[in-house]
Amino acid sequence: MQFSSYQNLRKRLLQRETTCEAVVRGYLERIRDSHDKNIYITVFSDRALNRAKDLDRKLEEGAEPGKLFGLPMAIKDNISIENAPLTCASGILANYTAVYNATAVERLLAEDAIFLGKVNMDEFAMGSSNENSSFGPVPNPYDASRVPGGSSGGSAAAVASDLALVALGSDTGGSVRQPAGFCNVVGLKPTYGRISRYGLVAFGSSFDQIGVLSKNCDDAALVLGVIAGRDAADTTSSHHAVPDYVSEMQALSLRGLKIGIPKEYFPDTLDSGVASAVDKCLDGLRSAGAELKEITLPESDYAIAAYYILTTAEASSNLARFDGARYGYRSKDAEDLSSMYINSRTEGFGSEVKRRIMLGTYVLSAGYYDTYYKKAQQVRRVFLNRYKDALKEVDVIAGPTSPFPPFGIGDKMDDPLEMYLADVFTVPASIAGIPAVSVPAGFDDSGLPVGLQLIGDFFEEGKLLGVGMAVQKALHE
């Protein structure tokens, strides 16, 4: 039993054509049959079934169903669910169990969603391919020899493989959008502060944001409307009012809408298959009444450098708490306090996490702080100003989600700089803190998925999802 959208599932549940228990059993069976895909780290078999039975009973008793009644969801394993493993796909948290629910989780449970389990990811959300997981890589649903993207590769693959209807991920520099593009699903990174980070394990605190992956923009809008909003437990969460995203999305007209096309997003090195699929989408938007306008974002070449200076600095600070003393892995070879710290971190962290901790410690050191970290913060302000100015001239900015289609497993593991370039188009929106969404743009000549990224102004997620919905409709006509 598979569903194209939550609205389709909800209709069948409320009309008693099926039950939450039957739906959950169907998903759990597919998850069991897909063990070779390495998507789920933890499966909540009994927990999900018991919740499904409780929801069926609630409906039978005449109680009002929640906004997400019976929605089967996957959740990235860096988001806290009480009494469930929270590993961040890292050896250092291999045996850790969370003691509370993330705010996003609490809000979803309050609206009757069902969590099927925790899914694979790059360790501590550091990566662009899902190969940096202590549980091993996830294969791309469209070609098992290729990566699903990262770091939310498990979340994207779960939705694409019909192992969940919607999934939560986290996006620091493109970790929801890039895997969404690689797996042919919708991936939304909201405005920074739109969703509470309480319960999300920190990587880069001034960048991290919980995001939504789904088959369509309607489901993303529904879930966003539930989890968005101010949270007293997260002082960076915004007081900005939460609108009805579904209504905003459906009310959007492309007639006269100005879409900015940055020339920097279409370099000569852009993969030809990606360029062709994105151009076709843009032509479809133009035919539907949108006005395409070429714009320029001249500092784009500095995005990757600024991002990795800032996020590694924050990672170095955030991951200092994993020392073997309070929770998580502790080395058995420690002879004193110093060796316990060193051995626990050396044995518990993977190579990419160690690389970023060392880089972050370096750029924050006394002799290099002004040269690197301070300068990167100044560049961040320049990016914010450039995008704000551009979005005064256009309604939405559009371009490829990734400069190339899904690459082969192992192809870029020996060249970190080449791997980092997978996020070259997604990083700018994260630096500026503005919302962005990747929507399916079709396929290249080899049948590999291509994503179209849409970037908007602060708190204009409804507009972005409306344009994304128009793209999805055009591709299915």
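Analyst: Contact here means heavy atoms within 4.5 Å. The model is predicted, so that local features need pLDDT of at least 70 and side-chain atom pairs count only at pLDDT 80 or more, while totals for chains, interfaces and linings use all residues. Residues are numbered from 1 along each chain as its sequence is written, and side-chain values use heavy atoms, with hydrogens and water left out.

The part in question is helix α7, residues 217-227, where helices are DSSP runs of H or I with at least four residues, numbered from the N terminus. Nine of the 11 residues of α7 are buried, that is, under 20% relative accessible area with a 1.4 Å probe and protein chains only; among them are Cys 217, Ala 220 and Ala 221. At the start of α7, a side-chain oxygen of Asn 216 comes to within 3.2 Å of the backbone nitrogen of Asp 218, which is a polar contact in the sense of a pair of N or O atoms within 3.5 Å, one able to donate a hydrogen and the other to accept it, with residues adjacent in sequence counting only if both atoms are side-chain atoms. After α7 comes Gly 229, with a positive phi near 125°.

Leu 465 and Ala 221 are 244 residues apart in sequence, yet their C-alpha atoms are 7.2 Å apart in space. Leu 465 is itself buried, with a relative accessible area of 0%.

The side chain of Thr 312 reaches the backbone oxygen of Ile 309 at 3.2 Å, and, not counting residues up to four places away in sequence, Thr 312 touches Arg 356, Leu 359, Gly 360 and Val 363.

Finally, for a pair of helices, the axes of α2 (residues 20-33) and α3 (residues 45-60) come within 8 Å and cross at roughly 160°, the axes being lines fitted to C-alpha atoms over the stretch in contact, with angles from 0 to 180 degrees between N-to-C directions. α2 and α3 are therefore roughly antiparallel, a term for angles over 145 degrees.

Terms used: Helix = DSSP H or I, 4+ residues; strand = E, 2+ residues; numbered from the N terminus. Parallel < 35°, antiparallel > 145°, perpendicular 65-115°, else oblique. Buried < 20%, exposed > 50% of the residue type's maximum accessible area, 1.4 Å probe, protein only.
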